[in-house]
Amino acid sequence: GHMRLHPVVVGNGDWNNVSVDALALRPVGQQILQLRTRIKNWQGTKALTARLWLDGEVVDAKTFSVLAGHASQIRFDVPERILQGFVEVSGDDGLAGDNRFYFTHQPAPKHQVLVQKSGPLHRLMRAAVPDVANLSWQVNVVDTGNLNFEQSQVPAVVVVGDVRSEMLTELRSYIQAGGGLFLPLQKKADVQQLNKLLQGSGIEIDEAVIENAQVPISWVDLKHRIFYPFRGAKFNDFSSVRYNGYHRLKVDSGTVLARFEGDDVMMAETSLGQGKIVIWAGGLE
């Protein structure tokens, strides 16, 4: 086959031209995004103005200089919310089609973590998962009576240190429907109620607490997602951690994620219906 090229003249002379070449958004603080855009001056005047439009209005403008054949990065701070707009550059420009760069931004939904207000549990969870913009998890601390599993606001994970009889049925239903439970065992937890919750999961908690001030951790599964952040050489040595008490776990089915010295289970994961349960025998204390 043959190809034929037919040039078409669309204009004569030297045209001044500037363009918005690229645009990116990234979080820089609590509920703040930084919008970075690259403005290129292909040819013509060096005095330019970039305007940020959001929801049909100019919300910010910056005047700057760029030599012909060069580019400059211009930054705007915008709120972390649903955004729709464009950056527009104005100058003595004969080619206006590349003077705007449109963008939209939809904030990623945060995974809701519902934490029972119980002992030091909620304070330690707050410290472990602070309320900052760049984390995908959000901790909500509630009293036992306010643990809510309504379909409109189902949490991704529930963290409880003690299970009361009045919450047992609702909590089991939440897990069986696909919810996640993180269970750091407290020394004074009601083991009888906990074992009712775990019925059918393949894990049982012993009533007795092993009292020993010097129990070290002998092994953790660094390939599992819960320990994955600790896999680097800087954080993967757990030998200096000591426990002064823990519940003995009987694991008939499920996955052991960590062990104490002496082979007792420190942490295990199991299924209940469609959901998952992670039990931490030594708790957060």
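In the hairpin of β3 and β4, two residues sit between the strands, and Asp55 takes a positive phi near 50°. Strands here are DSSP runs of E at least two residues long, helices are runs of H or I of at least four, and both are numbered from the N terminus. The model is a predicted one, so local features need pLDDT of at least 70 and side-chain atom pairs count only at pLDDT 80 or more, while totals for chains, interfaces and linings use all residues. Residues are numbered from 1 along each chain as its sequence is written, and side-chain values use heavy atoms, with hydrogens and water left out.

Take Trp53: its bridge partner in β4 is Val58.

Next comes helix α1. Its buried residues (under 20% relative accessible area with a 1.4 Å probe, protein chains only) are Leu121, His122 and Met125. They cover an arc of only 90° around the axis, so they end up on the same side of α1; the arc is that of the directions from the helix axis to the C-beta atoms. An α-helix has 3.6 residues a turn, so residues three or four places apart point the same way. Over on the other side of α1, Arg123 and Ala127 are exposed, meaning over 50% on that scale, with partly exposed in between. The buried residues of α1 pack against β8 (111–116), β9 (137–142), β10 and β11, where contact means heavy atoms within 4.5 Å.

Then there are the pockets (on a 1 Å grid over the protein atoms alone, open sets of points where a 1.4 Å probe fits, with protein on both sides within 12 Å along at least five of seven lines; lining residues have an atom within 4 Å of a point).

Of its 17 lining residues, Ile226, Phe227, Phe230, Met267 and Trp280 lie nearest its centre.

Finally, Arg242 sits in strand β14 (residues 242–243) and is partly exposed, at 40% relative accessible area.

Key:
Pairing = 2+ DSSP bridges.
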